[in-house]
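Hi,

Here is the structure I promised to pass on. Have a look, and then read on for what turned up.

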Amino acid sequence: QARLVESGGGLVQAGGSLRLSCTASGGTFSLYRMGWFRQAPGKEREFVAGSSTSGLSTRYTDSVKGRFTMSRDNAENTVFLQMNDLKPEDTAVYYCAAQLPPFYRAQYDYWGQGTQVTVSS
């Protein structure tokens, strides 16, 4: 059973940057694909970014491409989301999630508690 804890959220002006972190405990982090999701008020949760087990492969939703970068440090059991050029529409609670193999299931198994990101205009 893995436990995920996010940190790094906060209030920032439009055009600013934040770096989210998510640290895992209680499992074998290097076996997990990791993802970042977000949920804005009144909206459904959406995928933001995903990482392969090694971190060599990442993917992003179109709205954040070129602005957000996901990375991971398997030695530290931590995944990051560097968010640059933030926009008010990026305001949401951000969650990290872990996907266990077999990956064909296409579902995330563990979720963090979320961290609030608020971007003011």
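First, a term: a pocket here is an open set of points on a 1 Å grid over the protein atoms alone, where a 1.4 Å probe fits and there is protein on both sides within 12 Å along at least five of seven lines; lining residues have an atom within 4 Å of a point. This is a predicted model, so local features need pLDDT of at least 70 and side-chain atom pairs pLDDT 80 or more, while totals for chains, interfaces and linings use all residues. Numbering starts from 1 along each chain as its sequence is written, and side-chain values use heavy atoms, without hydrogens and water.

The pocket: Arg 33, Met 34, Gly 50, Ser 51, Ser 52, Ser 57, Thr 58, Arg 59, Gln 99, Ala 106 and Tyr 108 line the largest one. Its volume is about 170 Å³ (the space filled by probe spheres set on the points, which are joined across faces, edges and corners). Strands E4 (33–39), E5 (46–51) and E6 (58–60) each give at least two lining residues; strands are DSSP runs of E, at least two residues, numbered from the N terminus.

The disulfide: Cys 22 and Cys 96 are joined, S to S 1.9 Å (the cut-off is sulfur atoms within 2.5 Å). Cys 22 sits in strand E3 (residues 18–25) and Cys 96 in strand E9 (residues 92–99), so the bond ties together parts 74 residues apart in sequence. The link is right-handed, with 45° about the S-S bond.

Cys 22 is buried at 0% relative accessibility (buried means under 20% relative accessible area, 1.4 Å probe, protein chains only). Cys 96 is buried too, at 0%.

Cheers

Note on methods. Helix = DSSP H or I, 4+ residues; strand = E, 2+ residues; numbered from the N terminus. Buried < 20%, exposed > 50% of the residue type's maximum accessible area, 1.4 Å probe, protein only.
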